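Subject: Structure handover

Hello,

Here is the structure for your files. My notes on it follow below.

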Amino acid sequence: MTVGDLVKSVTRLFEGGAIDAPAQPRYPEMAIEITPDRVLGVRVAPEGKNGHLVLQRAVSEPLPEGAIEPSLTRPNVLAPEPVSNAIGSVLSRIAEGGHRVSLLIPDQIARVAILGFATLPRTRRELIDLVRFRMAKSLPFKADQAVLDLNVLRRGGGAGPAPSSASVLAAFIHRPVLEQYEDLLARRGYWPGLVALSSLELFNLHRDQIGQVPAGDKDVLLMNITRHDLTLLIFRGEDLIFYRCKPHPAGASGEETIASLRREVYTSFAFYQEKLLGRGLGRAFVRTIGLPLEAVQDVVAGEAGCPLETLDLPGGLKVAEGVGLGPRGAADIVPAVGAVAGRRS
């Protein structure tokens with residue numbers, strides 16, 4: 001199974017049968033992303049005889065300061081009414097009669113871990129139980145209060161830091177926190193056909209582009225940087241070997257946030273070099289929202305020491321006439337587009 005296969009199913013919450021997940025479901029044509037700043041919504045659907053995907057709608061509604069505060073354990077939705085109203089406004093312009101929608105939630109609310117195993121159990125249920133046991137003391141909430149999804153990155157003999165072991169990616173979300181987000185849709189008469197993390201859908205949209213870039217014998221970096229947090233992924237070939245999400249200091253100025261970003265990037269790269277036998281980075285891909293692009297690029301390029309590429313909408317995706325991408329451009333909506341187009345490619 002490739003990392004692309006993994007990301008397409010990382011939050012589907014299957015809990016039985018064989019280790020390999022069942023066949024992929026049919027994902028909605030609509031997706032919304034809830035961030036501390038706003039609610040974003042897109043509709044991506046096939047058009048014409050060839051069925052090429054077209055971005056038909058892209059809308060957003062701002063949220064008042066403090067309406068959403070991402071947290072692993074505390075309530076996230078602090079002002080339900082304005083958030084619900086924003087969701088209703090967005091969905092009324094993209095839904096076109098459908099009631100299933102993909103829901104993207106902040107990276108910060110999930111505890112994501114890459115776990116190594118000498119051998120894997122025979123069934124998915126046994127693997128889930130084993131992962132819950134392994135992570136029980138590392139979670140800030142009880143393991144049985146978590147919604148868990150996982151997938152096998154590597155079954156053994158891979159390119160990761162422990163070549164003889166299997167590798168599993170696991171995502172834990174405190175159930176009461178997840179239910180807050182899902183209830184926002186239910187109150188408006190919609191059903192979340194998919195729940196996903198923003199950065200994984202960003203990768204999902206660009207996985208072919210990232211995988212096709214030659215990095216020689218070096219690793220590949222993906223960074224999703226917003227005004228609120230940093231998520232960093234490192235790939236070795238098709239293996240995801242490093243994942244880290246870190247919020248920026250609350251109330252920090254722009255300069256303080258950039259300084260914090262520099263510290264976190266340095267710390268992450270130091271761990272990668274020392275603990276994961278880092279062999280250097282051949283390429284880096286970055287999406288930036290809410291921070292000065294040049295300042296972010298200077299930080300990443302200075303630490304990564306490799307060519308840098310900014311992620312945008314893929315060139316093969318047609319944008320319908322009249323679609324407004326907002327003042328921050330296409331970078332605003334790429335994770336939400338990934339929840340639709342990335343899962344159909």
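Buried residues make up 54% of the 345 residues in the chain, where buried means under 20% relative accessible area, exposed over 50%, and partly exposed in between (1.4 Å probe, protein chains only). This is a predicted model, in which local features need pLDDT of at least 70 and side-chain atom pairs count only at pLDDT 80 or more, while totals for chains, interfaces and linings use all residues. Residues are numbered from 1 along each chain as its sequence is written, and side-chain values use heavy atoms, with hydrogens and water left out.

The chain exposes about 14,800 Å², and carbon and sulfur atoms supply 51% of that area (Shrake-Rupley method, 1.4 Å probe; for residues, only the protein chains shown count as cover). Of the contacts in the chain with a separation of 6 or more, 70% are between residues 24 or more positions apart; contact means heavy atoms within 4.5 Å. The secondary structure comes to eight helices and 14 strands. Helices (H or I, at least four residues) and strands (E, at least two) are DSSP runs, numbered from the N terminus.

The six-stranded sheet

Six strands form an open sheet in the order β8-β4-β1-β2-β3-β14, with mixed pairing; two strands pair if DSSP finds at least two bridges between them. The edge strands are β8 (191-197) and β14 (318-319), each of which pairs on one side only. Strand β4 (residues 100-105) runs parallel to β8, and six bridges join the two. Within that pairing, Leu103 has Val195 in β8 as its bridge partner.

Two helices pack on this sheet. Helix α2 (residues 80-94) touches β1 (30-34), β2, β3 (52-62) and β4, and its direction makes about 155° with that of β3. Helix α4 (residues 175-186) touches β1, β4 and β8, and its direction makes about 145° with that of β4. For these angles, axes are lines fitted to C-alpha atoms, for helices over the stretch in contact, and the values run from 0 to 180 degrees between N-to-C directions.

Val42 sits in strand β2 (residues 38-47) and is buried, with a relative accessible area of 0%. Leaving aside neighbours within four places in sequence, Val42 is in contact with residues including Glu29, Met30, Ala31, Leu55, Arg57, Ile94 and Ile333.

The three-stranded sheet

A further open sheet has three strands in the order β5-β7-β6, with antiparallel pairing. β5 (110-117) and β6 stand at its edges with a single partner strand each, so one side of each has no neighbour in the sheet. Neighbouring strands here are turned by 20° against each other on average, direction ignored. β5 pairs with strand β7 (residues 166-174) over eight bridges in the antiparallel sense, and the bridge partner of Ala113 in β7 is Ala170.

Helix α3 (residues 124-135) lies across β5, β6 and β7, running at about 110° to β6. α4 lies across β6 and β7, at about 70° to β7.

Asp149 is in strand β6 (residues 146-154). Asp149 is buried, with a relative accessible area of 2%, and its side chain makes a polar contact with the side chain of Arg124 at 2.9 Å. A polar contact is a pair of N or O atoms within 3.5 Å; within protein, one must be able to donate a hydrogen and the other to accept it, and residues adjacent in sequence count only if both atoms are side-chain atoms.

Aromatic pairs

Rings of Phe, Tyr and Trp (its six-membered ring) pair if their centres lie within 6.5 Å; planes under 30 degrees apart count as stacked, over 60 as edge-to-face and the rest as tilted. By this rule there are two aromatic pairs.

Phe203 and Phe235 are stacked, at 4.7 Å centre to centre with 20° between the planes. This pair links distant parts of the chain, with Phe203 in helix α5 (residues 198-212) and Phe235 in strand β10 (residues 229-236), 32 residues apart. Phe203 is buried at a relative accessible area of 5%, and Phe235 counts as buried at 5%.

The pair of Phe242 and Phe271 is tilted, because the ring centres are 5.8 Å apart and the planes stand at 40°. Phe242 lies in strand β11 (residues 239-247) and Phe271 in helix α6 (residues 254-275), so the pair ties together parts that are 29 residues apart in sequence. Phe242 counts as buried at 7% relative accessibility, whereas Phe271 counts as partly exposed at 39%.

Regards
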